[in-house]
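Please look over the model shown below before reading the numbered points, which take the overall fold, the ligand site and a few backbone details in turn.

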Amino acid sequence: MPLALLAVLAVVSVLVLAPRHGHAQTVGFAQVGSESDWRRSFTDSVMHEAATRAIDLTLFNADGDPERQVAAVRDFIRRRVDAIVIAPVVLSGWTDVLEEAKAAAIPVFIVDRAVDADPNLYVARIAANFNLEGKLAAAWLAQESRGRCTILELEGTAGSAAAVERKRGFAAIIAEFPDMRVVGARSGNFTREGGRAAMEALLADLGTGPPCAVFAHNDDMMFGAIEAMKAVGLEPGRLPLTVSVDAVAPALQAVQAGILNATVELRSNIGGEIFDVVQAYLRGRRDFPKWIVIASDLHVKQP
Ligand code: AHR
């Protein structure tokens with residue numbers, strides 16, 4: 001190929017791949033809300049990482065409202081940002097707006113919770129495996145209770161990937177143990193207040209003695225549930241056993257104090273992983289796996 005033609009091609013590809021606004025890359029981030037300790041740390045990580053990379057980030061906090069979150073993504077499209085990052089409140093309701101982003105040639109990155117839309121409508125999802133988190137919690141409980149346990153379950157936000165998959169993973173493991181079963185379940189919406197109210201209602205419904213264990217889909221709900229259990233004279237961490245998800249700093253302290261027996265870590269400091277993918281895409285890379293998995297670990301008391 002003649003050198004002049006190569007030079008023209010190089011200039012054209014730089015123009016095509018450069019951010020539309022010339023200087024800082026502009027990214028719209030549609031976040032779930034600020035319902036939990038984990039969520040607040042996650043927002044901090046994304047904002048810190050954007051600032052470190054001189055990315056012009058617009059954060060929208062949906063306060064748990066799926067419709068407002070979709071409207072915010074539409075606004076990002078209208079403003080022609082270079083990329084959109086979505087941590088979806090719920091799985092459903094995304095197809096139309098993702099098609100609109102695609103038609104506008106704005107790449108979308110799904111983080112944390114999943115969507116149930118066609119994966120061709122977004123570049124990649126960067127997130128932990130919530131199903132595995134439920135399985136890790138159940139496997140720990142099966143071992144600890146020798147496979148005999150009545151369980152109360154505190155569920156996260158209805159219709160969210162985190163609640164749906166944690167429940168499914170947990171159920172898949174305890175189904176292997178005929179003497180383990182969930183005897184009551186309620187949503188606490190991933191908040192501390194919700195966890196307390198849900199546990200008060202579950203204990204009232206249960207009527208009889210304490211359950212063998214409580215599984216909460218996040219640490220905040222478990223903290224609310226612990227307050228409710230202590231208020232009726234139970235000793236969480238002994239009877240019932242307690243296992244949750246997130247492994248935020250206060251939960252790790254509660255594990256060491258013996259009030260929380262185990263927590264599955266959901267890493268919140270993933271701003272770096274997210275912007276590595278976004279920026280690589282904007283530089284022209286296209287060969288991403290559809291799901292970039294963030295590892296999960298189970299934490300128990302250390303000697
Ligand atoms: O989607 C992840 C979940 O959302 C976290 O486990 C919870 O704390 C948050 O609200």
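1. What percentage of the 303 residues in the protein do buried residues make up? Buried residues make up 51% of them, where buried means under 20% relative accessible area, exposed over 50% and partly exposed in between, with a 1.4 Å probe and protein chains only. This is a predicted model, in which local features need pLDDT of at least 70 and side-chain atom pairs count only at pLDDT 80 or more, while totals for chains, interfaces and linings use all residues. Residues are numbered from 1 along each chain as its sequence is written, and side-chain values use heavy atoms, with hydrogens and water left out.

2. The protein contains ten helices and twelve strands, taken as DSSP runs numbered from the N terminus (helices H or I, at least four residues; strands E, at least two). Its C-alpha trace spans about 80 × 35 × 30 Å along the principal axes.

3. The shell around the ligand includes Glu35, Trp38, Asp112, Arg113, Arg166, Asn218 and Asp246, a residue being counted as near if one of its heavy atoms lies within 4 Å. By class, the shell holds four nonpolar, two polar and six charged residues. Helix H2 (37-52) and helix H6 (161-174) each supply at least two residues of this shell.

4. The protein covers 100% of the 280 Å² of accessible area that the ligand has on its own, with areas from the Shrake-Rupley method and a 1.4 Å probe.

5. Helix H6 also contains Gly169, which is buried at a relative accessible area of 0%. Gly169 and Asn129 are 40 residues apart in sequence, and their C-alpha atoms are 9.8 Å apart in space.

6. Some backbone details deserve a check, since most residues other than glycine have a negative phi, and most peptide bonds are trans. A cis peptide bond, with omega about 0 degrees, joins Leu239 and Pro240, and Pro240 lies in the loop between helix H8 (219-231) and strand S9 (241-246).

7. Asn189 has a positive phi of about 55 degrees although it is not a glycine; it is found in the loop between strand S7 (179-187) and helix H7 (192-206) and is partly exposed, with a relative accessible area of 41%. Ala247 has a positive phi near 60 degrees, is found in the loop between S9 and helix H9 (249-257), and counts as buried at 10% relative accessibility.

Notes. Ala, Val, Leu, Ile, Met, Phe, Trp, Tyr, Cys and Pro count as nonpolar, Asp, Glu, Lys and Arg as charged, and the others, Gly among them, as polar.
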